[in-house]
Amino acid sequence: MNCSTTRTLAAYAIETDLSDTPDEAIEQAVRTLIDTVGVTIGGRNEAAVAKVRKLVGTHQHGSSTVLSDGTKVSPLDAALVNGVAAHALDYDDVVDFIYGHPSAVLWPALLAVGEDVGSSTRQLLDAYLIAFDIEIGLASGLTVRDHYSQGWHSTATLGVVAAAAGVSRLIGSTAEQTAHALGIAATAAGGSRQNFGSMTKPLHAGLAARDAVMSATLAHDGFTADPEQLEGPLGYFALFGDQSRLHDIDQAMKVPPGQSILQHRINVKKYPACYNTQRTLDAGLLMAERIHSAASEVTAVRLTVEPGGLDPLIHHRPSTGLEGKFSAEYAVVASLLDKRINLDTYTTDMVERSEVQRMLKLVTVAEDSVPPSGEAEWDQAYAVVDVQLSDGSTVVERVDIPRGDCRNPLSRDELFRKYEDCLGFGQIEQNQELLDLLSNFSNDERFTGFPELQPVLEPTM
């Protein structure tokens, strides 16, 4: 593959037959759709979404639905707004292997285009699975851990190229046109982790979704890029990683088509914060059940995680809700203080509480290859919370596999409850027609868009 990575991935996107895809893979894709639409609606009132929606404007008429308000705009603009909304709560799904969030880029791009061109629901699922396969292939060749450590947000840098492949499939591009689409998307790739905890982090997902639609559309119309953009000496892998692992892409793409999602399974978040806080939140909540004394009796807290586990958690003294999502210290404090974690946990008012700000100063964090409690061995990650109380006692909790992890997944009922919570947080009435549409997406019917959503009416006085 080394001499023709761009063309090979393009051919895969267009020519691969998914008619024999196992039902389990299709079901996994449907779960990602339900979760993504839920968190997108949940994020509709976030400031970042409102500002991007204002930029797009309300006077245009198009064919693709903006989930935040039900209006129809161009596929480009729908992908942008829905991508920002999908990532605004940082409640969207995660894949450990790519160090990022695949669905917040893939689904906004694919749904915007699928609605525009009249794709079937099965075509959309196939496009998602193909794009997911390609994203795994890209991550295999990118040395994605090093890429992430250098400050790149792989949700965007990988997602834009993978989504462009999926969109190209939906609009009927040739393999040659798709190679150009991948080249255009690769040159649009970007996203800095320094912006974690700000409105710009979800903008990364929106821009990646929009640019994927733009890249595929331009290429379909004859716009060109270098045919070896991904593997070339000045291309994607050279810029974002290195060229020494291109052969790993070949190995990654040998997984049966559409089944990467079964090998690199998706983690669906239980809590609306960075995935690297999920273990800490579980441990903190278990700790809160054991500590019956007041939070004022906590004198010190130490959190220890695996090497690299603190990479995205860059806000040690958060002052806003967005910063709190990327704070290991706040994860510990909120779980101990409130004994529950929900969407309201990550509002600025909750983070600014004097008791929270006081307790944040009691928390120290560290990384260690050997957990300070329990077995020395761990798989992927761990979190150990050690709390010292004023009576001199110490309480310790350790969590290796959080709820929602693909090895400890949310049940179907839990997924639906999360979806319903997101609609409620977004102040949207529960809509059985929408849930039925999403749950039955594998029925291979023409996708004509989403049913109208009704805002929750405030009670009159």
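1. How many of the 14 residues of α4 are buried? The count is 13 of the 14, so α4 is largely enclosed by the rest of the structure. Here, buried means under 20% relative accessible area, exposed means over 50%, and partly exposed lies in between, using a 1.4 Å probe and protein chains only. Helices are DSSP runs of H or I with at least four residues, strands are runs of E with at least two, and both are numbered from the N terminus.

2. A word on the ground rules. Please keep in mind that this is a predicted model, in which local features need pLDDT of at least 70, side-chain atom pairs count only at pLDDT 80 or more, and totals for chains, interfaces and linings use all residues. Residues are numbered from 1 along each chain as its sequence is written, and side-chain values use heavy atoms, with hydrogens and water left out.

3. Next, the length of α4. Its 14 residues should span 20 Å at 1.5 Å a residue, and the end C-alpha atoms are 20 Å apart, which agrees. The expected span is 1.5 Å times one less than the number of residues in the helix. Just after α4, Asp-90 has a positive phi of about 50°.

4. Now the partner of α4. The axes of helix α2 (residues 23-42) and helix α4 (residues 75-88) come within 7 Å and cross at roughly 90°. The two helices are therefore roughly perpendicular to each other. For angles, under 35 degrees counts as roughly parallel, over 145 as roughly antiparallel, 65 to 115 as roughly perpendicular, and the rest as oblique. Axes are lines fitted to C-alpha atoms, for helices over the stretch in contact, and angles run from 0 to 180 degrees between N-to-C directions.

5. Where α2 and α4 meet, Thr-36, Val-39 and Thr-40 of α2 touch Asn-82, Ala-85 and Ala-86 of α4, with contact taken as heavy atoms within 4.5 Å. By class, this contact has 3 nonpolar, 3 polar and no charged residues. Ala, Val, Leu, Ile, Met, Phe, Trp, Tyr, Cys and Pro count as nonpolar, Asp, Glu, Lys and Arg as charged, and the others, Gly among them, as polar.

6. On to salt bridges: a search of the whole structure finds 20, each defined as a side-chain nitrogen of Lys or Arg within 4 Å of a carboxyl oxygen of Asp or Glu. One of them joins Glu-176 and Arg-7 at 2.8 Å, N to O. This pair links helix α9 (residues 175-188) with helix α1 (residues 5-15), 169 residues apart. Glu-176 is partly exposed at 40% relative accessible area, and Arg-7 is partly exposed at 36%.

7. Glu-27 in α2 and Arg-412 in helix α19 (residues 412-425) are 385 residues apart. Glu-27 counts as partly exposed, at 33% relative accessibility.

8. Finally, α19 itself. Its buried residues include Leu-415, Phe-416 and Tyr-419, and what covers the buried residues of α19 includes α2 and α20 (432-439). Glu-414 is buried too, and its side chain meets Arg-403 in a salt bridge (2.4 Å, N to O). Arg-403 sits in the loop between β6 (394-399) and α19. After α19 comes Gln-427, with a positive phi near 60°.
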